[in-house]
Amino acid sequence: RFIAEEVDRLKSSGICIHVIGDLSRFSPRLQDTLRSTLEETKDNRELHLAIALNYGGRDEILRCVRRLLADGARPGDVTEASFAGHLDTSFMPDPDLLIRTGGEWRISNFLLWQLAYTEIYFTDILWPDFDGQALDMLNRIASLLPRSSARAIQVICELVREHPGPQDPAFIEGWQRACATLASAATVELEEQGSAGAWYAAAH
């Protein structure tokens with residue numbers, strides 16, 4: 001019901017929806033709704049939003065191997081690129097940043113392949129409690145990034161700011177330190193390569 005009610009807002013906001021996970025266990029009606037939503041938003045370019053449904057990192061890897069075998073791949077044919085191309089996340093680059101909320105210090109079977117070189121930020125704050133003051137730090141990073149990535153960060157800030165949470169000085173101070181480190185790294189990469197690549201914040 002939520003997807004059906006929100007699809008018009010997603011379209012008007014320029015958000016492209018992707019779904020990762022094994023959808024075969026869902027009812028045919030829900031699968032049809034998801035496919036319809038993906039189709040209706042596929043041409044949007046402001047923000048790519050990936051929703052994990054019935055998702056597990058180990059299961060994704062197993063399903064990826066099955067896809068490779070079904071395509072007739074031989075052991076010598078499999079490369080990192082071809083493997084990644086059969087993952088649920090083949091539409092996106094590996095995340096640069098994972099924000100792990102809720103006080104958990106583990107990745108909990110999430111994006112096991114994709115997080116190999118990802119920066120991980122752990123916080124006790126629950127994801128709905130991220131407030132505008134904390135998220136404004138993302139805009140400082142956005143100023144260093146290519147337009148598409150910067151716009152993605154700005155859209156995230158705008159969406160989450162609609163549901164402000166408590167002001168937590170300790171969290172904000174830690175978040176500022178983390179963002180300052182990332183901003184410094186992005187500046188170096190911009191100077192060396194002329195591009196900071198794609199930056200994604202994955203909440204789990």
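User: How many bridges join β3 to strand β4, and do they run parallel or antiparallel?
Analyst: Four bridges join β3 to β4 (residues 119–122), and the two strands run parallel. Keep in mind that this is a predicted model.

User: Which residue in β4 is the bridge partner of R100?
Analyst: R100 is bridged to F122 in β4.

User: And which way do the β3 side chains point?
Analyst: L97 and I99 point one way from β3, while L98 and R100 point the other way. Those four are all buried.

User: OK, over to β1. How many of its residues are buried?
Analyst: Six of the six residues in β1 (residues 15–20) are buried, so the strand is mostly covered.

User: Which residues sit on which side there?
Analyst: I15, I17 and V19 are on one side of β1, and C16, H18 and I20 are on the other. Both faces are covered.

User: What about pairing, how many bridges does β1 make with β2?
Analyst: β1 pairs with β2 (residues 47–52) over six bridges, in the parallel sense. Within that pairing, I17 stands opposite L49 of β2.

User: Let me zoom out. What's the overall pattern along the sequence?
Analyst: The chain reads α-β-α-β-α-α-β-β-α-α-α-β. That comes to seven helices and five strands.

User: How much of the chain is buried?
Analyst: Of its 204 residues, 36% count as buried. The accessible surface is about 12000 Å², with 53% of that belonging to carbon and sulfur atoms.

User: And what share of the contacts join residues at least 24 apart?
Analyst: Among contacts between residues at least 6 apart in sequence, 69% join residues at least 24 apart.

User: Switching to helices. Which residues of α2 are buried?
Analyst: The buried ones are Q31, L34, T37 and T41. Looking down the axis of α2, they fall within an arc of 125 degrees, so they line one face of the helix.

User: Then what's exposed on the face turned away from the buried side?
Analyst: That face of α2 carries the exposed residues P28 and R29.

User: What span should α2 have, and how far apart are its ends?
Analyst: α2 has 14 residues, 28–41, and at 1.5 Å a residue they should span 20 Å. The end C-alpha atoms are 20 Å apart, which agrees.

User: Now N44. Where is it?
Analyst: N44 lies in the loop between α2 and β2.

User: Buried or exposed?
Analyst: N44 is buried, because its relative accessible area is 14% and the cut-off for buried is under 20%.

User: What does the N44 side chain reach?
Analyst: A polar atom of the N44 side chain lies 2.8 Å from the backbone oxygen of I15. Leaving aside neighbours within four places in sequence, N44 is in contact with L10, K11, G14, I15 and C16.

User: Last one, D88. Where is that?
Analyst: D88 is found in the loop between α4 (80–84) and β3 (97–100). D88 counts as buried, since its relative accessibility is 12%.

User: Which side chains does D88 make polar contacts with?
Analyst: The D88 side chain joins that of R63 in a polar contact of 2.7 Å, and it makes another with the side chain of R67 at 3.0 Å.

User: What else is D88 in contact with?
Analyst: Setting aside neighbours within four places in sequence, its contacts also include I20, G21, Y55 and E60.

Key: Residues numbered from 1 in each chain as written. Predicted model: local features only at pLDDT ≥ 70, side-chain atom pairs only at ≥ 80, totals over all residues. Heavy atoms only, no water. Buried < 20%, exposed > 50% of the residue type's maximum accessible area, 1.4 Å probe, protein only. Contact = heavy atoms within 4.5 Å. Areas by Shrake-Rupley, 256 points an atom, 1.4 Å probe, with all protein chains shown as cover. Polar contact = N/O pair within 3.5 Å; in protein donor to acceptor, adjacent residues only side chain to side chain. Expected span 1.5 Å × (residues − 1). Arc of directions from axis to C-beta. Pairing = 2+ DSSP bridges.
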